[in-house]
Amino acid sequence: METPIADFLRKYDADRVTRFHMPGHKGKPFLGCEHLDITEVKGADALYEADGIIAQSETNAAAMFGSRRTCYSTEGSSQCIRAMLYLALTNRPAGTAPMIVAARNVHKAFVYAAALLDFEVVWLWPEESRSLCACPVSPESLEKTLALLPKPPAAVYLTSPDYLGGVAEIAALAEICHRHGTRLAVDNAHGAYLRFLTPSRHPLDLGADLCCDSAHKTLPVLTGGAYLHISEHAPAALAEHAKAALALFGSTSPSYLTMASLDLCNSYLAADYSARLSETAKRMEQVRDRLRASGWQVEDSDPLRLTLRAPASTTGTALADRLRKNGVECEYADGDFLVLMATPENDLSEFDRLLTALGENQIPYTPSVPLPLARGKCACSIREALFAPHETIPARQALGRICGAPTVSCPPAIPIAVSGEVITAEALSLFDQYGVETVDVLK
């Protein structure tokens, strides 16, 4: 597959052009990659007005993902989430309300988008959850929520896979959305690779209308590289306005290094990636089996993730420290879980090192206790709260106060309390569990 962006950068460097333009390093080495780092010189196209090499590369990506349109982001899925919500609201189906129904485990970028776009949110809460990261939404609960609304929302918004690797029933949930006259938007930041499984498990192929992928999380792309996808069955207007939506929230100085990595990724995906992915998924299943046999509790997750529940008297963070002492770094750890992510770029020796570092588990497991659901009463809109005067106070003193900025543990940047909500005793309990020491509240 052609790689027009990367080819242009290499030729520009090979031509030894004297650079009286940005960036300030002038192509001279500090990190070593500066010779390929340019700005929008003649022939380099422009990300938000793409009609040249960037447009060609994005067309290649759309073909790889089977979308009506795929657009690049160099600012991660955070930019794509905002653009996706803008598109859903400004091109909403007739008869729908300017409202988003969302599973509660949203990334804080969703909350900031709600402040900027000033839309109402109806939260989908799990019947039970063992982690802030997880918010399993059943088709029955979505059906009930939509049936009770006076009008359908502009969109239903889900995070799948979630940070622990939980995958929503996208096909069933999409069918319910469409039957109620609304659209499904999916934050698939952790699942760009799902398209290349056999069969595909990507949200676009399961019925989602809008989707964002963080390419850099699971594909060989530089940090910040992401995709905004518009489904083939979505209205043409969504595709037509996608670039304008991204430009509304993006920098006018996108990274050409990141775009080049997205461009090269097309060639990588078109080669033998699917076969290598299949091998890695099988290897991950073998790793899970060995860990189960060694006394560990392995959670269900997407194919490239390994999620271990911490046994009694220890924590996921303690397990992360144990790995670190053996030269292994995890993706995420909290009091309850340890999460690791693999790709075909992890070789056999690295899997062996991980298994050796974890070793045998002799500590028993006790039944997990569901988390309290911090359903705070909405005192004002998210926009009103984020634009009001704030103060920062100790979390233990926040009972009854109105949340200002969304209160998150980072990672995974999922709010415990959302802007405009009254902070409850359940929220205080979660602050303590996830190590949140201070809270931003309205004065």
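Strand E3 is largely enclosed by the rest of the structure, because four of its five residues are buried. In this predicted model, E3 pairs with strand E2 (residues 97-103) in the parallel sense, over five bridges. The points below cover the strands, the charged side chains and the backbone geometry.

**Strand pairing**

- A separate topic is the open sheet built from four strands, whose order is E8-E9-E11-E10 and whose pairing is antiparallel. Strand E8 (297-298) and strand E10 (332-333) form its edges; each has a single partner strand, so one side of each is left without a neighbour in the sheet.
- Two bridges connect E8 with strand E9 (residues 305-309), and these two strands run in the antiparallel sense. Val-298 has Leu-308 in E9 as its bridge partner.

**Salt bridges**

- The structure contains 16 salt bridges.
- One of them joins the side chains of Asp-7 and Arg-10, with an N to O distance of 3.8 Å. Both residues belong to helix H1 (residues 4-14), where a spacing of three residues separates them by about one helical turn. Asp-7 is partly exposed at 41% relative accessibility, and Arg-10 is likewise partly exposed at 45%.
- Glu-285 and Arg-292 form another salt bridge, in which the closest N and O atoms are 3.6 Å apart. Glu-285 counts as partly exposed, with a relative accessibility of 35%; Arg-292 is also partly exposed, with a relative accessible area of 36%.
- Glu-285 and Arg-292 belong to a network of salt bridges that also links Arg-288 and Asp-289.
- A salt bridge between the side chains of Arg-324 and Glu-329 has an N to O distance of 2.8 Å. Arg-324 is partly exposed, its relative accessible area being 38%, whereas Glu-329 counts as exposed at 52% relative accessibility.

**Acidic residues at the surface and in the interior**

- Glu-127, Glu-128, Glu-140 and Glu-169 form a negative surface patch.
- Glu-127 is exposed, and its relative accessible area is 77%.
- Glu-421 is found in the loop between strand E14 (414-417) and helix H15 (425-433). Glu-421 is buried, because its relative accessible area of 7% falls under the 20% cut-off.
- The C-alpha atoms of Glu-421 and Ala-62 lie 40 Å apart in space, and the two residues are 359 positions apart in sequence.

**Backbone geometry**

- In general, most residues other than glycine have a negative phi, and most peptide bonds are trans.
- Met-22 and Pro-23 are joined by a cis peptide bond, with omega at about -5 degrees. Pro-23 is located in the loop between H1 and helix H2 (53-65).
- Ser-160 and Pro-161 are likewise joined by a cis peptide bond, with omega at about 0 degrees. Pro-161 is located in the loop between strand E4 (153-159) and helix H6 (170-179).
- Arg-16, although not a glycine, has a positive phi of about 50 degrees. Arg-16 lies in the loop between H1 and H2 and is exposed, with a relative accessible area of 75%.
- Lys-26 also has a positive phi, of about 60 degrees, and is not a glycine. Lys-26 is placed in the loop between H1 and H2 and counts as partly exposed at 33% relative accessibility.

How values were computed:
Residues numbered from 1 in each chain as written. Predicted model: local features only at pLDDT ≥ 70, side-chain atom pairs only at ≥ 80, totals over all residues. Heavy atoms only, no water. Patch = residues over 30% accessible without salt bridge, like charges linked within 9 Å, V, L, I, M, F, W, Y side chains within 5 Å. Areas by Shrake-Rupley, 256 points an atom, 1.4 Å probe, with all protein chains shown as cover. Salt bridge = Lys/Arg side-chain N within 4 Å of Asp/Glu carboxyl O. Lys, Arg positive; Asp, Glu negative; His and termini not counted. Charge placed at Lys NZ, Arg CZ, Asp CG, Glu CD. Buried < 20%, exposed > 50% of the residue type's maximum accessible area, 1.4 Å probe, protein only. Pairing = 2+ DSSP bridges.
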